[in-house]
Amino acid sequence: MKALYEINKMKENYPLKIVAHKNFFPKPDDLAHRGLLKLHWHRSLEIVLSCGDDFNIWKEGDLFTMANHKMLVINSGENHEFRLSRSNHYDGVSLIIAYDFLKRMIPNYDDYWFDANIGDVEHRKEIEHWLIDIRDIYLRQAPWDSFLLLKNASMILYNLFAFCSDDKLSGHTQKWAYSNRYKDVISYIDQNFKEDISLTDVAKIAKLNSSFFSRDFKQYLGLNFKDYLEKIRMQQAVYLLLNTNDNIETVSIQSGFRTSRSFIHYFEQNFNTTPTNYRKLNGRNRNK
């Protein structure tokens with residue numbers, strides 16, 4: 001199943017989006033009512049806290065049961081979906097922080113991987129406290145509360161970076177055996193996605209034959225080489241569409257597509273609209 005790319009719309013020059021789930025009863029035609037929020041990914045960093053009824057989150061091949069006070073960090077680019085379990089409502093909060101903001105503040109942000117379980121109980125409790133406070137502040141909806149939300153989010157980010165972070169790939173080392181090999185592979189793809197790179201080219205870097213590399217790559221990252229490369233190129237395309245005045249031909253070349261026709265084809269598959277229309281709908285110079 002292919003993951004959809006989600007755009008987290010934020011207020012201009014404000015890097016946060018809060019989703020407060022308080023006595024959440026979805027309408028009958030909602031996806032949530034059917035127990036499913038589609039598999040998707042986004043560039044933003046998301047921290048989820050359950051404060052009531054259980055629900056499940058599927059993330060990169062693992063299923064997490066979000067019991068009361070369970071917290072989960074969804075890193076930039078991680079495929080995930082939400083599934084309700086016993087009831088059609090739950091109480092919790094999601095804090096979503098814009099990728100561009102994180103990148104400006106921490107230039108090597110892409111090298112970090114976050115997991116609340118890395119930190120000790122004290123720091124997890126602190127993050128949980130700030131998240132509950134964010135939910136309550138957000139539901140209060142006073143106009144000046146935006147400052148308090150920023151303060152709390154800053155404390156959460158401080159705790160994540162200082163106590164709950166690891167190298168982007170080393171967080172997977174206990175689960176997968178080839179972190180050093182794939183660190184080089186991912187670095188190569190991230191630096192050369194604009195070029196006409198192939199599965200065979202990348203397999204040589206991993207010193208594996210193409211067939212084995214293809215299977216191993218999908219097991220390691222949760223998606224195949226082609227989808228991963230397309231994902232990186234789409235991230236670049238979205239950035240250029242929203243932050244430059246480059247025409248579609250230039251955006252396609254700078255994102256690694258041979259022709260604007262192939263770029264538009266892949267873009268429409270991911271976003272169900274054309275690049276031009278996407279730019280008009282989402283505007284420029286916004287945090288996503």
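1. Y158 sits in helix 3, which covers residues 145-163. The model is a predicted one, and every value below is computed from it. Is Y158 buried or exposed? Its relative accessible area is 51%, and the cut-off for exposed is over 50%, so Y158 counts as exposed. Together with M155 and F163, Y158 makes a nonpolar surface patch of about 280 Å².

2. The whole structure holds 16 aromatic pairs. In one of them, the ring centres of Y158 and F163 are 6.0 Å apart. Their planes stand at 85 degrees, so this pair is edge-to-face. F163 has 31% relative accessibility and therefore counts as partly exposed. Y158, at 51%, is exposed.

3. **A second ring pair, in helix 9.** F267 and F271 also pair, but here the arrangement is tilted. The distance is 4.3 Å centre to centre, with 40 degrees between the planes. Both residues belong to helix 9 (residues 260-271). They are four residues apart, about one turn of the helix. F267 has 0% relative accessibility, so it counts as buried. F271 has 12% and counts as buried too, because buried means under 20%. Look also at the rings around this pair. F257, F263, Y266, F267, F271 and Y278 form one aromatic cluster.

4. **The largest nonpolar core.** How many residues does the largest nonpolar core have? The number is 29. The residues with the most contacts inside this core are L16, L45, I47, L95, L131, I156 and L160. Several elements give two or more residues to it: strand 2 (16-21), strand 4 (45-50), strand 7 (71-74), strand 9 (92-97), helix 1 (99-105), helix 2 (121-140) and helix 3. Helix 3 gives the most, with six residues. That is the helix of Y158, whose own side is exposed at 51%.

5. **I47 as an example.** Neighbours within four places in sequence are left aside here. I47 is then in contact with M71, L72, V73, V93, S94, L95, I97, L131, I156 and L160. There is also a second, separate core of 17 residues. Among its members are Y182, I197, A206 and L208.

6. Where is S255? It lies in the loop between helix 8 (248-254) and helix 9. Beyond its neighbours within four places in sequence, S255 is in contact with F193, R233, Q236, A237 and L240.

7. The structure has six salt bridges. One of them joins K59 and E78, with the closest N and O atoms 3.3 Å apart. K59 lies in strand 5 (residues 55-59), and E78 lies in the loop between strand 7 and strand 8 (80-84). The pair therefore ties together parts that are 19 residues apart in sequence. K59 is buried, with a relative accessible area of 9%. E78 is buried as well, at 8%.

8. The side chains of K103 and D110 meet at 2.7 Å, N to O. K103 is partly exposed at 31%, and D110 is partly exposed at 27%. Next comes the salt bridge of R258 and D196, at 2.6 Å, N to O. R258 is in the loop between helix 8 and helix 9. D196 is in the loop between helix 4 (179-192) and helix 5 (199-206). So this pair ties together parts that are 62 residues apart in sequence. R258 counts as exposed at 67% relative accessibility. D196 is exposed too, at 54%.

9. **The chain as a whole.** The protein chain has ten helices and eleven strands. Of its 288 residues, 47% count as buried. The chain exposes about 14,800 Å², and carbon and sulfur atoms supply 50% of that area. Residues 24 or more positions apart account for 70% of them.

How values were computed: Residues numbered from 1 in each chain as written. Predicted model: local features only at pLDDT ≥ 70, side-chain atom pairs only at ≥ 80, totals over all residues. Heavy atoms only, no water. Patch = residues over 30% accessible without salt bridge, like charges linked within 9 Å, V, L, I, M, F, W, Y side chains within 5 Å. Areas by Shrake-Rupley, 256 points an atom, 1.4 Å probe, with all protein chains shown as cover. Salt bridge = Lys/Arg side-chain N within 4 Å of Asp/Glu carboxyl O. Buried < 20%, exposed > 50% of the residue type's maximum accessible area, 1.4 Å probe, protein only. Core = buried A, V, L, I, M, F, W, Y, C linked by side-chain atoms within 4.5 Å. Contact = heavy atoms within 4.5 Å. Phe/Tyr/Trp six-rings, centres within 6.5 Å; stacked < 30°, edge-to-face > 60°.
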